[in-house]
Amino acid sequence: MARDTVETHFTQAVAELKAGTPRDPAHPIREGTSLTGEQCRTLYDLQLGSRLLDIAARWLRQQGEGFYTIGSAGHEGNAAVAAATRPTDPALLHYRSGAFYLTRSAMAGRLAEEGMRDVLLGLTASADEPIAGGRHKVFGHPDLAVIPQTSTIASHLPRAVGVAFAIERARALGVTSAWPQDAIAVCSFGDASINHATALSGFNTASYATFQGQALPLLFVCEDNGLGISVRTPKGWVEAAARRPGITYFQADGCDLADAYDTAARAAEHVRVNRAPAFLHLSTVRLMGHAGSDVESSYRTQREIRADLDRDPLLRTAGLLVEAGLATPESLLKGYESERELVLRLALGATRGPKLGSLREVVEPLAPRHDDMIAKISPVAAEPSVREKTFAGNLPEEDKALTLSQAINRTLADALAVHPGMMIFGEDVARKGGVYGVTRGLQKRFGAARVFDTLLDEQSILGLALGAGVSGMLPVPEIQYLAYLHNALDQIRGEASSLSFFSKGAFTNPMVVRVPGLAYQLGFGGHFHNDNAIAALRDIPGLVIAAPSRPDDASAMLRTCLAAARTQKSVCLFLEPIALYNTRDLFDDGDGGWMAPYAPPSRWAETHVPIGRARGYGDGRDLTIVTFGNGLRMSLRAAVKLTQEGFSCRVLDLRWLAPLPMEDLMRSAELTGKVLIADETRHSGGVSEGLIAELVDAGYSGQIARVTSADSFVPLGDAADHVLLSETEIEEAARKLLS
C-alpha cells in the first residue's frame, strides 16, 4: 500500500540520518537561511501532524468511517508559506494544504490537537466540524482567516483577486473590511490547475490591474508536484505560464523547508510592501498517489515513485534538525510513533461525533432568509440633505413617471447614497453608463472608486464581486447580457452560492448581480442580445432570481435584493428585460401605461416587495394567466381582449423566478380553476416546467396549459418571431382553455 511504503521509507531513512555540528536553536538552522532551529522544529511538528492526518484518512476509509482521502503528503512545505504570512491574511487554500492549515491554527494560538481535530471531523463528515459541519471536507475557519474552498480546478482564483482588490478598495473608501488594511491575500493551487480557464482569468486580471497601477496585494502559490492526477505537467511550463506583466515570480524547493520559508518570506514581503501580486512557485512531490483509490503505479514507474520518496519534505526537514544537532534519529522516530498514536486516537474519537441527521440540518446554512429583517432595511434611505445633493436638487419622486431603465438608475443612485460600501462595476457601466444607459451619471456622482469599468471577462467581474462580498462590501456587478453569464456560471453556481453552505454561514459573499437579458428587441442583435435561457440558474440552491417587468416593481425589488444581500448575505440575480427598458406605453401609443412614478422614501415601506411574492392584475374568475418579464405586457394586453370577448381573466406576474411565489400562484389558480402559463423562456427546461410541477405537487387539480418560446436560439430580424412566444399565441391558448 502507498501509505505503508511512505511510512516505511520515512522511518528507514530517518534511522540512517547522521548528526552534524550542533547549532543554537535561536540561530539559523543552516548557513544562508533566516529559518531558525526553533522555527524549524515547530514547523516539523506541524508537517508531521499533516502527514499523519493523511495516514489517518486512509485508515478511516478502511474502517468505513472516512469519506475523503485526497491528502497533503509531499506538500508539507506549504507550512513555510503559512509561517511567512500573518494569521490575519485571508487565505484561499489548495486541497493539499494540511500543513498550512495546522501552521495557521498554531500561529493563532490554538493547540495542535485543535487543528488536527478540525481536519479529522471533516474527514468523518461530522456535524461538529467547525467550518462545513459535515457538508464537505474543506480547509477553513473564520478565526484563522481561511476561506473554505471546495474547488479542485482553481475556480477560487477570481475570488482571490477580488479579495486582494477589496482590501485596497475598502481602505480607499474608508469603509470597514473583514481584513486588516495591510493584509495580503494568499491563494494556493496545483500545477495542473494553472491551465484552467478560471486560473487564467485570475492571473490575467491581476496582471491587467497591476499594469494600470491598481494596487493588488495577492500572493499566488503554485504547489507544483508535476502531476494532474495522472497527466504530467511539462517541465518548465509552470514558470513559463507564471511570468506575466506586473506579477513578480519567485521559485523555491517546496521540499526544502528553509528554502521554502526564505523564498515565501521574500514573496510575502514584496506583496505587502509594494501592494502588488507575486507568484510563488513551490516544487513539491506527491506521495501516496492522488487519493486513496489512485493506483499511481499504473501510470508512473517505480523509479519515479522512489525519486519522490527521496524528496519527501518531512524527511528533509528531519534531516535539517538532525544535521543541526537539534534532534536525533531516535527522538524523531519515537516522536513519530507517539504522534501517530495520538492522531489515530483523535481519528477514532472523530468517528463518534454526530452526523447531519435531517434535510433541515443539511440545508440550514444554504440561504437563510428573515423577511422581517429585509423589510426593515429595504426602506432605509439616505438623509434628505444627502439625497438632495445626490440628485442635484431634482429628486426622482418629484419628476414625471419613469421608464424601467430610469427607475433602476434612480434606485441605484439612492442605494449608493445610503450604502458607502456598495460598488457598481462591469463592462461599460462607468463613463458610458451601460449599453442601455441604466447606470448613466452614477460614476460622475459617486466617483470612479465606486462605479467603474472592468476588463471584458465575466469570470473576473464575478470574481471581484465574490472577493468584495466576502470582505464585507456590497458588490453590484453587471453582466452585460444574459448570454454572457453562461461563460462564468460556475462563479455563481460553484463559488457564490455554495460559500455559506460549506461554511455554516461563517463566510458569505452577498451580492446583487444585474443581468440585462431576455428577448423581444424586434429582431435586433440575434442570440447573444436576446438570450432567453435561465434553466441553468433556476436550479442553483439558494440563488434569488428577481425578474421585474414594471418600473415601480423594479425599484422596490432592487431595494429588496440589496437589503437581502446586506442583512441575509444573499446572492441575488436581478434579471432586467432589455426590451422593456424604454417601453412607455401599454395599450395605445402615448398612453404611458408602462411608466410609473418613483416612490418617495416615505412610501418605501408600504411598497416593499418581499422575496417570493407575486403581483396580481384584475379579479377575473374564469382564467389565471401566469407570466413574468416581457410576458407580463403581452398577457395584460391579451387579457383586455379576452375581457372584451366576455371572458373574466386575471394576470399573475411572478416577479420572482427563484423562489417561485407558490402561495400567490396557488391562490390565483384555485380561484379560477384554469391556469395558462405564458413563458417567454424555452419549451424545454423553461420556467413553465417548474411551475406545472409545483402546481401538481401542491395538489392543484384544475386545468393547466402553457405557451412558450421554441427550443431554439433566437435568430436575427423577423425570423425571431417564429421562435419567440407571441401575444397572439397567448390569446389563442387562452381561448382554447376557456372553450
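How many aromatic pairs does a search of the whole structure find? The search finds 14 aromatic pairs. The structure is a predicted model, and two of these pairs are followed here.

The rings of Tyr249 and Phe279 have centres 6.2 Å apart, with 25 degrees between their planes. Planes under 30 degrees apart count as stacked, so this pair is stacked. Tyr249 belongs to strand S7, residues 248–253, and Phe279 to strand S8, residues 278–283. The two residues are 30 residues apart, and their pairing links distant parts of the chain. Tyr249 has a relative accessibility of 13% and therefore counts as buried, the cut-off being under 20%. Phe279, with a relative accessible area of 2%, is buried as well. Tyr249 and Phe279 also belong to a cluster linked by ring pairs, together with Phe189, Phe203 and Phe220.

Another pair is formed by Tyr436 and Tyr581, whose ring centres lie 5.5 Å apart. Their planes stand at 45 degrees, so the pair is tilted. Tyr436 sits in the loop between strand S9 (422–426) and helix H17 (442–446), while Tyr581 sits in the loop between strand S14 (571–577) and strand S15 (615–617). The pair therefore ties together parts that are 145 residues apart in sequence. Tyr436 is partly exposed because its relative accessibility is 24%, whereas Tyr581, at 1%, is buried.

Rings also meet charged side chains. The charged end of Lys137 sits over the ring of Phe139, at 3.4 Å from the ring centre. Arg169 is placed over the face of Phe452, and here the distance to the ring centre is 5.1 Å.

The structure has seven cavities of 30 Å³ or more, and the largest cavity holds about 130 Å³ of space. It is lined by 15 residues, of which Leu366, Ser500, Lys569, Ser570 and Val571 are the closest to its centre. By type, the lining of the largest cavity divides into seven nonpolar, seven polar and one charged residue.

Ser570 lies in the loop between helix H22 (551–568) and strand S14. Its relative accessibility is 9%, so Ser570 counts as buried. Which residues is Ser570 in contact with, leaving aside its neighbours within four places in sequence? The contacts of Ser570 are Pro510, Met511, Ala564 and Ala565.

Notes:
Residues are numbered from 1 along each chain as its sequence is written. This is a predicted model: local features need pLDDT of at least 70, side-chain atom pairs count only at pLDDT 80 or more; totals for chains, interfaces and linings use all residues. Side-chain values use heavy atoms; hydrogens and water are left out. Rings of Phe, Tyr and Trp (its six-membered ring) pair if their centres lie within 6.5 Å; planes under 30 degrees apart count as stacked, over 60 as edge-to-face and the rest as tilted. Helices (H or I, at least four residues) and strands (E, at least two) are DSSP runs, numbered from the N terminus. Buried means under 20% relative accessible area, exposed over 50%, partly exposed in between (1.4 Å probe, protein chains only). A charge sits over a ring if NZ of Lys or CZ of Arg is within 6 Å of the ring centre and within 35 degrees of the ring normal. Contact means heavy atoms within 4.5 Å. On a 1 Å grid over the protein atoms alone, a cavity is a set of points where a 1.4 Å probe fits but cannot get out, and a pocket is an open set with protein on both sides within 12 Å along at least five of seven lines; lining residues have an atom within 4 Å of a point. Grid points are joined across faces, edges and corners, and a volume is the space filled by probe spheres set on the points. Ala, Val, Leu, Ile, Met, Phe, Trp, Tyr, Cys and Pro count as nonpolar, Asp, Glu, Lys and Arg as charged, and the others, Gly among them, as polar.
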